[in-house]
Amino acid sequence: MSIKLFDLHNKTALVTGGTHGLGMAIAKGLAAAGAQIVFNDISSEKVNLALEEYAKDGIKAKGYIFDVTDEKSVQKHLNLIEQEVAPIDILVNNAGIIKRVPMVDMDVKEFRDVIDIDLVGPFIVSRNVVKSMIRRNAGGKIINMCSMMSELGRDTVSAYASAKGGLKMLTKNMATEWAKHNIQANGIGPGYFATAQTAPIRVGGHPFNEFIIGRTPAGRWGEPEELQGAAIFLASAASDFVNGHILYVDGGILATIGKPSNE
Ligand code: NAP
Ligand code: GCO
(Lines give C-alpha, C1' and ligand atoms only; values in the text may rest on other atoms or scores of the structure.)
(Ligands and ions follow the chains in the order given, each with its own letter.)
Protein backbone atom coordinates (compact mmCIF):
# COMPACT_ATOMS: atom_id res chain seq x y z
CA MET A 1 0.00 0.00 0.00
CA SER A 2 1.35 3.40 -0.92
CA ILE A 3 2.04 5.68 2.03
CA LYS A 4 1.17 8.47 -0.43
CA LEU A 5 -2.43 7.69 0.54
CA PHE A 6 -1.90 9.68 3.74
CA ASP A 7 0.43 12.33 2.29
CA LEU A 8 -0.77 15.93 2.76
CA HIS A 9 2.16 17.74 1.16
CA ASN A 10 1.01 20.64 -1.05
CA LYS A 11 -2.29 20.73 0.86
CA THR A 12 -3.48 23.69 2.95
CA ALA A 13 -5.61 22.99 6.01
CA LEU A 14 -7.73 25.51 7.93
CA VAL A 15 -8.47 24.43 11.51
CA THR A 16 -10.99 26.72 13.18
CA GLY A 17 -10.32 27.38 16.86
CA GLY A 18 -6.89 25.81 16.40
CA THR A 19 -5.09 27.75 19.15
CA HIS A 20 -5.12 24.89 21.66
CA GLY A 21 -6.91 21.69 22.66
CA LEU A 22 -8.18 19.25 20.05
CA GLY A 23 -7.82 21.75 17.22
CA MET A 24 -4.14 22.34 17.79
CA ALA A 25 -3.47 18.61 18.23
CA ILE A 26 -5.25 17.87 14.95
CA ALA A 27 -3.40 20.70 13.21
CA LYS A 28 -0.06 19.32 14.42
CA GLY A 29 -1.02 15.91 13.09
CA LEU A 30 -1.98 17.32 9.68
CA ALA A 31 1.30 19.26 9.65
CA ALA A 32 3.23 16.06 10.38
CA ALA A 33 1.59 14.58 7.26
CA GLY A 34 2.82 17.56 5.26
CA ALA A 35 -0.05 20.07 5.32
CA GLN A 36 0.37 23.84 5.53
CA ILE A 37 -1.57 24.88 8.65
CA VAL A 38 -3.85 27.89 8.90
CA PHE A 39 -5.94 28.46 12.02
CA ASN A 40 -8.18 31.08 13.58
CA ASP A 41 -9.52 32.18 16.92
CA ILE A 42 -11.53 35.12 18.23
CA SER A 43 -8.65 36.10 20.54
CA SER A 44 -5.56 37.81 19.11
CA GLU A 45 -3.64 36.89 22.26
CA LYS A 46 -4.41 33.18 21.78
CA VAL A 47 -3.51 33.39 18.08
CA ASN A 48 -0.12 34.87 18.95
CA LEU A 49 0.55 32.33 21.71
CA ALA A 50 -0.46 29.53 19.35
CA LEU A 51 1.93 30.77 16.63
CA GLU A 52 4.75 30.43 19.17
CA GLU A 53 3.54 26.95 20.15
CA TYR A 54 3.39 25.77 16.54
CA ALA A 55 6.83 27.27 15.88
CA LYS A 56 8.28 25.21 18.75
CA ASP A 57 7.33 22.14 16.68
CA GLY A 58 8.82 23.66 13.54
CA ILE A 59 5.36 24.34 12.10
CA LYS A 60 5.11 27.62 10.14
CA ALA A 61 1.39 28.03 10.81
CA LYS A 62 -0.58 31.12 9.84
CA GLY A 63 -3.08 32.54 12.31
CA TYR A 64 -6.12 34.74 11.68
CA ILE A 65 -8.58 36.43 14.00
CA PHE A 66 -12.23 35.94 13.04
CA ASP A 67 -15.48 34.67 14.50
CA VAL A 68 -16.92 31.65 12.68
CA THR A 69 -20.45 33.01 13.17
CA ASP A 70 -19.72 36.30 11.35
CA GLU A 71 -20.12 35.48 7.65
CA LYS A 72 -18.75 38.79 6.37
CA SER A 73 -15.64 38.37 8.49
CA VAL A 74 -15.35 34.72 7.45
CA GLN A 75 -15.54 35.70 3.77
CA LYS A 76 -12.99 38.50 4.24
CA HIS A 77 -10.52 36.23 5.99
CA LEU A 78 -10.97 33.29 3.62
CA ASN A 79 -10.09 35.68 0.79
CA LEU A 80 -7.05 36.86 2.76
CA ILE A 81 -5.97 33.26 3.36
CA GLU A 82 -6.23 32.48 -0.37
CA GLN A 83 -4.17 35.59 -1.20
CA GLU A 84 -1.59 35.31 1.58
CA VAL A 85 -1.24 31.52 1.93
CA ALA A 86 -3.11 29.35 -0.58
CA PRO A 87 -6.61 28.08 -1.35
CA ILE A 88 -7.94 25.77 1.38
CA ASP A 89 -7.94 22.05 0.57
CA ILE A 90 -8.90 20.76 4.03
CA LEU A 91 -11.31 22.41 6.47
CA VAL A 92 -11.59 21.21 10.08
CA ASN A 93 -14.63 22.79 11.75
CA ASN A 94 -13.27 22.55 15.27
CA ALA A 95 -14.29 25.86 16.89
CA GLY A 96 -16.96 25.30 19.51
CA ILE A 97 -18.30 26.11 22.93
CA ILE A 98 -20.36 24.31 25.54
CA LYS A 99 -22.64 25.52 28.27
CA ARG A 100 -23.56 23.14 31.07
CA VAL A 101 -26.91 24.39 32.42
CA PRO A 102 -30.19 22.54 33.09
CA MET A 103 -32.75 23.42 30.40
CA VAL A 104 -35.17 24.98 32.88
CA ASP A 105 -32.41 27.36 34.02
CA MET A 106 -30.77 28.09 30.67
CA ASP A 107 -31.32 31.50 29.06
CA VAL A 108 -32.59 31.21 25.49
CA LYS A 109 -29.63 33.40 24.45
CA GLU A 110 -27.21 30.86 25.94
CA PHE A 111 -28.93 28.10 23.96
CA ARG A 112 -28.80 30.14 20.76
CA ASP A 113 -25.13 31.06 21.28
CA VAL A 114 -24.13 27.39 21.44
CA ILE A 115 -26.16 26.53 18.34
CA ASP A 116 -24.72 29.56 16.56
CA ILE A 117 -21.09 28.68 17.19
CA ASP A 118 -21.24 24.88 17.12
CA LEU A 119 -23.69 24.40 14.23
CA VAL A 120 -24.23 27.62 12.27
CA GLY A 121 -20.49 28.38 12.38
CA PRO A 122 -19.51 25.17 10.54
CA PHE A 123 -22.31 25.88 8.01
CA ILE A 124 -20.97 29.40 7.37
CA VAL A 125 -17.31 28.48 7.10
CA SER A 126 -17.92 25.31 5.06
CA ARG A 127 -20.17 26.85 2.43
CA ASN A 128 -17.70 29.67 1.83
CA VAL A 129 -14.68 27.36 1.67
CA VAL A 130 -16.58 25.02 -0.66
CA LYS A 131 -17.52 27.82 -3.07
CA SER A 132 -13.80 28.25 -3.75
CA MET A 133 -13.19 24.49 -4.02
CA ILE A 134 -16.01 24.21 -6.59
CA ARG A 135 -14.88 27.33 -8.49
CA ARG A 136 -11.35 25.88 -8.74
CA ASN A 137 -12.71 22.39 -9.54
CA ALA A 138 -10.21 21.30 -6.92
CA GLY A 139 -12.20 18.93 -4.72
CA GLY A 140 -11.52 19.02 -0.98
CA LYS A 141 -12.07 17.64 2.50
CA ILE A 142 -14.42 18.85 5.24
CA ILE A 143 -14.01 17.43 8.76
CA ASN A 144 -16.62 18.40 11.37
CA MET A 145 -15.89 17.97 15.07
CA CYS A 146 -18.90 16.07 16.33
CA SER A 147 -19.18 14.46 19.76
CA MET A 148 -20.59 11.69 21.93
CA MET A 149 -23.41 14.20 22.18
CA SER A 150 -24.06 13.70 18.48
CA GLU A 151 -25.53 10.35 19.60
CA LEU A 152 -26.27 10.62 23.32
CA GLY A 153 -27.90 13.08 25.69
CA ARG A 154 -26.59 14.15 29.07
CA ASP A 155 -27.95 16.36 31.84
CA THR A 156 -27.20 20.08 31.37
CA VAL A 157 -25.80 19.97 27.81
CA SER A 158 -29.04 20.30 25.81
CA ALA A 159 -27.79 23.11 23.54
CA TYR A 160 -24.49 21.38 22.89
CA ALA A 161 -26.11 18.01 22.15
CA SER A 162 -28.63 19.70 19.86
CA ALA A 163 -25.79 21.43 18.01
CA LYS A 164 -23.60 18.33 17.75
CA GLY A 165 -26.54 16.16 16.72
CA GLY A 166 -27.33 18.74 14.09
CA LEU A 167 -23.69 18.84 13.02
CA LYS A 168 -23.80 15.08 12.41
CA MET A 169 -26.75 15.55 10.06
CA LEU A 170 -25.25 18.69 8.50
CA THR A 171 -22.18 16.55 7.72
CA LYS A 172 -24.39 14.04 5.90
CA ASN A 173 -26.02 16.84 3.94
CA MET A 174 -22.65 18.34 3.02
CA ALA A 175 -21.64 14.87 1.79
CA THR A 176 -24.84 14.60 -0.22
CA GLU A 177 -24.61 18.01 -1.88
CA TRP A 178 -20.87 18.23 -2.47
CA ALA A 179 -19.73 14.67 -3.35
CA LYS A 180 -20.30 15.40 -7.04
CA HIS A 181 -17.58 18.04 -6.74
CA ASN A 182 -15.16 15.46 -5.30
CA ILE A 183 -15.51 17.04 -1.88
CA GLN A 184 -15.74 14.56 1.00
CA ALA A 185 -17.47 15.73 4.17
CA ASN A 186 -17.06 13.60 7.26
CA GLY A 187 -16.97 14.01 11.03
CA ILE A 188 -14.79 13.01 13.93
CA GLY A 189 -16.69 12.10 17.09
CA PRO A 190 -14.29 12.31 20.03
CA GLY A 191 -15.18 10.63 23.30
CA TYR A 192 -14.02 12.43 26.42
CA PHE A 193 -10.65 14.16 26.00
CA ALA A 194 -8.46 16.09 28.41
CA THR A 195 -8.69 19.72 27.28
CA ALA A 196 -9.65 23.11 28.70
CA GLN A 197 -13.24 22.45 27.66
CA THR A 198 -13.54 19.36 29.89
CA ALA A 199 -11.34 20.60 32.73
CA PRO A 200 -14.34 21.77 34.81
CA ILE A 201 -15.76 18.19 34.89
CA ARG A 202 -12.43 16.34 35.01
CA VAL A 203 -10.16 18.00 37.57
CA GLY A 204 -10.32 18.75 41.27
CA GLY A 205 -11.98 15.47 42.19
CA HIS A 206 -15.12 16.19 40.12
CA PRO A 207 -17.36 13.07 40.29
CA PHE A 208 -17.77 13.13 36.50
CA ASN A 209 -14.10 12.19 36.20
CA GLU A 210 -14.67 8.81 37.88
CA PHE A 211 -17.92 8.36 35.97
CA ILE A 212 -16.23 8.78 32.59
CA ILE A 213 -13.31 6.51 33.51
CA GLY A 214 -15.89 3.86 34.42
CA ARG A 215 -18.09 4.55 31.37
CA THR A 216 -15.17 4.32 28.92
CA PRO A 217 -14.08 0.71 28.20
CA ALA A 218 -10.50 1.98 27.73
CA GLY A 219 -10.76 3.19 31.33
CA ARG A 220 -9.33 6.67 30.77
CA TRP A 221 -9.76 10.09 29.17
CA GLY A 222 -8.43 10.49 25.65
CA GLU A 223 -5.34 12.53 24.87
CA PRO A 224 -5.78 15.14 22.05
CA GLU A 225 -2.97 13.59 20.01
CA GLU A 226 -5.05 10.40 19.75
CA LEU A 227 -7.28 12.16 17.22
CA GLN A 228 -4.44 12.79 14.76
CA GLY A 229 -4.75 9.45 12.95
CA ALA A 230 -8.46 9.91 12.30
CA ALA A 231 -7.85 13.47 11.11
CA ILE A 232 -5.06 12.50 8.71
CA PHE A 233 -7.23 9.67 7.33
CA LEU A 234 -10.23 11.94 6.71
CA ALA A 235 -8.01 14.73 5.32
CA SER A 236 -6.15 12.48 2.87
CA ALA A 237 -6.69 10.48 -0.32
CA ALA A 238 -7.12 7.43 1.91
CA SER A 239 -10.71 8.57 2.50
CA ASP A 240 -11.64 9.62 -1.05
CA PHE A 241 -14.60 7.20 -1.08
CA VAL A 242 -15.66 7.91 2.52
CA ASN A 243 -18.50 10.40 2.69
CA GLY A 244 -20.93 11.43 5.40
CA HIS A 245 -19.25 9.21 7.97
CA ILE A 246 -18.76 10.13 11.62
CA LEU A 247 -15.59 8.41 12.82
CA TYR A 248 -15.89 7.96 16.58
CA VAL A 249 -12.66 8.00 18.57
CA ASP A 250 -14.07 7.29 22.01
CA GLY A 251 -12.23 4.46 23.75
CA GLY A 252 -15.33 2.31 23.24
CA ILE A 253 -18.00 4.44 24.93
CA LEU A 254 -20.54 4.02 22.13
CA ALA A 255 -19.84 0.27 21.95
CA THR A 256 -21.20 -0.48 25.40
CA ILE A 257 -24.20 -0.04 27.69
CA GLY A 258 -21.66 0.26 30.51
CA LYS A 259 -21.14 -1.94 33.56
CA PRO A 260 -22.14 -1.82 37.24
CA SER A 261 -19.74 0.37 39.22
CA ASN A 262 -18.92 -2.55 41.58
CA GLU A 263 -17.51 -4.78 38.79
P1 NAP B 1 -11.84 24.22 23.58
O2 NAP B 1 -10.63 23.96 24.38
O3 NAP B 1 -13.00 24.92 24.19
O4 NAP B 1 -11.40 25.00 22.22
C5 NAP B 1 -12.40 25.49 21.38
C6 NAP B 1 -11.77 26.50 20.47
O7 NAP B 1 -12.78 27.13 19.67
C8 NAP B 1 -11.05 27.62 21.23
O9 NAP B 1 -9.85 27.94 20.58
C10 NAP B 1 -12.03 28.79 21.12
O11 NAP B 1 -11.43 30.05 21.19
C12 NAP B 1 -12.58 28.55 19.73
N13 NAP B 1 -13.82 29.29 19.49
C14 NAP B 1 -14.90 29.36 20.30
N15 NAP B 1 -15.84 30.14 19.73
C16 NAP B 1 -15.34 30.58 18.54
C17 NAP B 1 -15.83 31.40 17.49
N18 NAP B 1 -17.05 31.96 17.56
N19 NAP B 1 -15.04 31.63 16.42
C20 NAP B 1 -13.80 31.09 16.36
N21 NAP B 1 -13.26 30.30 17.31
C22 NAP B 1 -14.04 30.04 18.39
O23 NAP B 1 -12.43 22.86 22.99
P24 NAP B 1 -11.74 21.43 22.73
O25 NAP B 1 -11.95 20.55 23.92
O26 NAP B 1 -10.38 21.63 22.17
O27 NAP B 1 -12.73 20.88 21.60
C28 NAP B 1 -12.58 21.30 20.26
C29 NAP B 1 -13.81 20.84 19.49
O30 NAP B 1 -14.03 19.44 19.72
C31 NAP B 1 -15.09 21.53 19.93
O32 NAP B 1 -15.95 21.66 18.81
C33 NAP B 1 -15.69 20.54 20.92
O34 NAP B 1 -17.11 20.68 21.00
C35 NAP B 1 -15.32 19.24 20.29
N36 NAP B 1 -15.24 18.10 21.20
C37 NAP B 1 -14.47 18.16 22.33
C38 NAP B 1 -14.38 17.00 23.14
C39 NAP B 1 -13.53 16.96 24.38
O40 NAP B 1 -13.67 15.99 25.13
N41 NAP B 1 -12.70 17.94 24.65
C42 NAP B 1 -15.06 15.85 22.79
C43 NAP B 1 -15.87 15.86 21.64
C44 NAP B 1 -15.93 16.99 20.85
P45 NAP B 1 -11.28 30.80 22.62
O46 NAP B 1 -10.46 29.89 23.48
O47 NAP B 1 -10.63 32.10 22.29
O48 NAP B 1 -12.71 30.96 23.14
C1 GCO C 1 -19.60 17.20 28.67
C2 GCO C 1 -18.33 17.20 27.86
C3 GCO C 1 -18.61 16.56 26.51
C4 GCO C 1 -17.35 16.52 25.69
C5 GCO C 1 -17.58 15.85 24.38
C6 GCO C 1 -17.90 14.40 24.52
O7 GCO C 1 -19.84 18.19 29.40
O8 GCO C 1 -20.33 16.20 28.58
O9 GCO C 1 -17.81 18.50 27.70
O10 GCO C 1 -19.59 17.26 25.84
O11 GCO C 1 -16.88 17.79 25.43
O12 GCO C 1 -18.45 16.50 23.56
O13 GCO C 1 -17.86 13.81 23.23
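1. A polar contact is taken here as a pair of N or O atoms within 3.5 Å; within protein, one must be able to donate a hydrogen and the other to accept it, and residues adjacent in sequence count only if both atoms are side-chain atoms. An oxygen atom of ligand 2 lies 2.7 Å from a side-chain N or O atom of Gln 197.

2. The model is predicted: local features need pLDDT of at least 70 and side-chain atom pairs pLDDT 80 or more, while totals for chains, interfaces and linings use all residues. Residues are numbered from 1 along each chain as its sequence is written, chains are lettered from A and ligands numbered from 1 in the order written, and side-chain values use heavy atoms, without hydrogens and water.

3. Ligand 2 has 14 residues around it (a heavy atom within 4 Å). Arg 100, Ser 147, Arg 154, Tyr 160 and Gln 197 come nearest. A backbone N or O atom of Gly 191 is 3.1 Å from an oxygen atom of ligand 2.

4. Tyr 160 deserves attention for both ligands. A polar atom of its side chain is 2.7 Å from an oxygen atom of ligand 2, and one is 2.6 Å from an oxygen atom of ligand 1.

5. Around ligand 1 there are 29 residues, with Asp 41, Lys 46, Asn 94, Tyr 160 and Thr 195 nearest. Nitrogen atoms of ligand 1 lie 3.0 Å from a polar side-chain atom of Asp 67 and 3.1 Å from a backbone N or O atom of Val 68.
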